[in-house]
Amino acid sequence: MDPAASTGLPGRADIREYIAALKASQRLGHLVAHHEVLPPGPAREAACRRPWPVTVERLLAGRGIPALYEHQARAMDLLRAGRNVVVATPTASGKTLIYTLPVLEQQLMNPDSRALYLFPLKALAQDQLRSFEAMVAPWPEDTRPRAAIYDGDTSDWFRRKIRDTPPGVLLTNPEMLHLALLAHHEKWAAFFAGLTHVVVDEVHTYRGVMGSHMAQVFRRLSRVCRRYGSAPSFAFLSATVGNPGELARQLSGREVTEVTESGAPRGGRHFLFLNPALTMADSPAQVAILLLKAALARGLRTIVYTQSRRMTELIALWAAERSGQYRGRISAYRAGFLPEERRDIEARMASGELLAVISTSALELGIDIGSLDLCILVGYPGTVMQTLQRGGRVGRAQQESAVALIAGEDQLDQYFMRNPRDFFARPPERAVLNPANPRIVERHLVCAAAEMPLVPGEPWLAEPGVAPVLDAMLADGRLLASSDGAEIHSPRRRPHHNVDLRGAGGQLRIIAVGGAGGERSVGQVDEHRACKETHPGAVYLHLGQTYVVQELDLPGRTVTVAPARVDHHTRVRVDKSTRILSVDGVRTAWGMRVFRGRLRVTERITGYERRRNKGGALLTVVPLDLPPMSFETEGLWLEIPREAQHRAEDGFMHFMGGIHAMEHAAIGILPLLVMTDRNDLGGISTPFHPQVGGAAVFVYDGLPGGVGLSWQAFEQAGELLERTLDVVASCPCETGCPSCVHSPKCGSGNRPIDKGAARFLLEAIRDTPAPALDVDAALAEARAALDPEAPAPPFTFEAADGPREPAFTPQAAQQTAPQPRRQEEPMTDRQTSPPPAPEGAGHFGVFDLETRRSAAEVGGWHRAGRMGVSCACLYDSRTGQTRAYVQEELGELVAALAALPLVVGFNVKRFDYAVLRGQVDFDPAALNTCDMLEHVYNRLGYRLSLDHLAQATLGARKSADGLQALEWWKQGRLDDIVAYCTQDVAVTRDLFLFGREHGHVLFTNKAKQTVRLPVSW
């Protein structure tokens, strides 16, 4: 029975009548740019190669499933044989059954077997739990397989219960796998030991940065499984995507068989393209409201997808205020709702109580909300795959359905309005990720080493791109080799919380101050985007509340915002430059050469614009003084032919405006070829680039390390140029608009832009014969022009004098400074004669001193200059002798220090020099000093004592400590103080020489492992 019958509302109308009325409408009919009808298709059934156990057969019969579809049977055969499979078929094609039956069969054969189900959204896990429990409900309760959800909403008590007695099926998400299961795998030993299946649902969402992270998470999962003796099969489930097998192989590092031909039946489906830009009378939101109103009047169950929370709220506001009798049957759905609110909306939609839901992409994935009739897309979703995925929400009961795409002003929207046949003719886009992204690999190596030591020769460490990252991390102390070099350890026990699976860099906390709520956290921002999105004065939105940024503290990793009511939004202005670090490929496209390689991009935020919310009028420009941001990434560059440039300039065209417009148009249309958002890409156009030797247009991945987007575009460079020209030439505007060459993210405010020059240049390049290409010669030529300057770190904020190093503060040094030592009467000259330093070590001195008074006696560590000197010892490597100085001889000591090419000490800069300056006038900055404690701190981020390092590295110990030396001073035991200070100098010298010779010293970490600390003394 139709739920509408009990409410007095109209029943469901025929979708054809709705479409006919739309096309005949005076208000909307002329906006229909295209109407495509996809015919229905019958089911194709097949049986599995091996029969199922009787219990499974009965389950299928009880569910009313007489036979399996072809793709289900094929995928199940592979999974039951222990192979890895990826299934990429349309929505509502029965993918859940593909992994559920093999998992149940395995648990029938072995009750200790376990399965891990991964879902990108909590709602999907809830939906699948209900499905699993309904499937096994006929089994006797005492033998029924259990399933449980383990995510952020699970209580602490239930989490412990799940860990202690793991269920047969554990449903979770990528973050919990990373933070809870892998980080604490010892607590999950029984689960990992029995793991037979890993199910990865909606795998097409694991692309870009998140995909690169997940590739490393799956490699870590495989390591942990090997430790507990399991080797699970992977089942990847995806919407229709261009390269499912390649995507699954990159993610898992395993061989994966793909199944892409669906045997499920489908109902007829209408696609309608509507273009409000034809008249400019109505906005996309207004058109969506009119379409929704007509659908409600006919009882059609409808979902409306918007591109933003703001648009969702706008349409939902209309639904709440002006929908009359339908008010109780419409709901918004978006991130920010409470979990119980989202579950209630899903249930009401599935039952038919709701007629319409307005959603962001939150309902794009396979949550069961019943059978819908109409899908309204407010703006092109960005990819063919996403459009088909959202459109697949309708017609799940094989009834005739419709999808209405309402175009916005974006390049892709307008491209398909002008070329609708291309949408239906082109295959879905390819999902792109970069498993070897060095920025991401290094974060997961640290996590893996914390889970269990890495061993040289592991399969993961031999994968492309991993070894250079591993070597660099060992060299700078971000990973630590064991004393014998056989294992590699993490410097931290739990580094997992510092890794955001959805971002390429670290996170800055956004803290709101003021207002009724007091100080509170209102989100996070990736360090890569912090200067652009949360600079001082930026307008920041969170859950419908407007804030203005008060302070951006990059070293402190915080952003401070305050609530504000403003009538404007902000947009940064950016100066960018790029340096080519490597050239890795070359090809021709039309009449020019196209290169790909690694780039270092430097961006400087020069200021920001304030623009009025209504109309976008420029109100003012505010200058900013922020440090430049540099990062390495992947990119391609178009080498503009000189002949085309000269022709444009001879025609008095604005050449810079032309290549700038070309850059914008290419980035705007590139998501047609590669599954991405234009915000994930960056571009630079320059009339002369010194390494190219001429004009060039660069397109690069906008995230540190790169994720493979621009390199995929390189392979399709010819089509990219063709589509770019089509966008420029077919747009009806005269001087440029958001549908062709204007970019909403342009750092220079779309200045200069010359649409005519861009079209002229593209046509001139197209009509120029392709240059002869000797690949080896072209690569050699390009590489010869590269600057030999060493590349910058993958991501740095640059200060005026270069990259910032970790702070080494006086307060930090004082926490581990040697206790002050004390002496009372002058000393005669005393000298000891340790052996000279080995040849090749260079001329250096090792310095240490003892004080007369403690910090407590002089009023604190900051008054070290008042402590006095009881004894100072200086070892000279040239003579092999150590001389002791008393306070009256400090002038001679300073002269001896100044004569040395290098002074070595331990905490000498922050303590010994401070004490010395209180007694004699000298400038420590004039000395070339190697402070070993400073080096240790900069490597580890924390301090170690000299005694700790000496014991681990040399097997030697100090003869006393600072407190004992103070007592000796009070007792007049001068010889004991001299002996202690001399021995301190000897230990420091030997530690320095060991580190210089071997490139490392040893220490014992918190896990009681003796590991190497790289040093460059």
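The exercises below concern a predicted model.

**Exercise 1.** Classify H496 as buried or exposed, and state which residues are in contact with it beyond its sequence neighbours.

Solution. Start with location: H496 sits in the loop between β18 (488-489) and β19 (507-512). Its relative accessibility is 1%. Buried means under 20%, so H496 counts as buried. With neighbours within four places in sequence left aside, H496 is in contact with H178, L179, A183, R220, C447, A450 and E451.

**Exercise 2.** Classify R494 as buried, partly exposed or exposed, and find which surface patch holds R494.

Solution. R494 is also placed in the loop between β18 and β19. The relative accessible area of R494 is 39%. This value falls between the 20% and 50% limits, so R494 is partly exposed. On the surface, R494 gathers with K187, R493 and K1006 in a patch of positive charge.

**Exercise 3.** Describe the salt bridge between R723 and E719, and the exposure of each residue.

Solution. First take the helix: R723 and E719 both belong to α23 (residues 717-730), 4 residues apart, or about one turn. Next, the side chains meet in a salt bridge at 3.5 Å, N to O. Finally, R723 counts as buried at 16% relative accessibility, whereas E719, at 25%, counts as partly exposed.

**Exercise 4.** Which residues of helix α29 are buried, and what covers them?

Solution. In α29 (residues 908-917), the buried residues are V908, F911, D912, Y913, V915 and L916. Their cover includes strands β33 (845-851), β34 (869-876), β36 (903-905) and β37 (929-931), together with helix α28 (890-898).

Conventions. Residues are numbered from 1 along each chain as its sequence is written. This is a predicted model: local features need pLDDT of at least 70, side-chain atom pairs count only at pLDDT 80 or more; totals for chains, interfaces and linings use all residues. Side-chain values use heavy atoms; hydrogens and water are left out. Helices (H or I, at least four residues) and strands (E, at least two) are DSSP runs, numbered from the N terminus. Buried means under 20% relative accessible area, exposed over 50%, partly exposed in between (1.4 Å probe, protein chains only). Contact means heavy atoms within 4.5 Å. Patches are made of residues with over 30% relative accessible area and no salt bridge: like charges are joined within 9 Å, nonpolar side chains (Val, Leu, Ile, Met, Phe, Trp, Tyr) within 5 Å. Accessible areas come from the Shrake-Rupley method with a 1.4 Å probe; for residues, only the protein chains shown count as cover. A salt bridge is a side-chain nitrogen of Lys or Arg within 4 Å of a carboxyl oxygen of Asp or Glu. Lys and Arg count as positive and Asp and Glu as negative; His and the chain ends are not counted. The place of a charge is taken as NZ of Lys, CZ of Arg, CG of Asp or CD of Glu.
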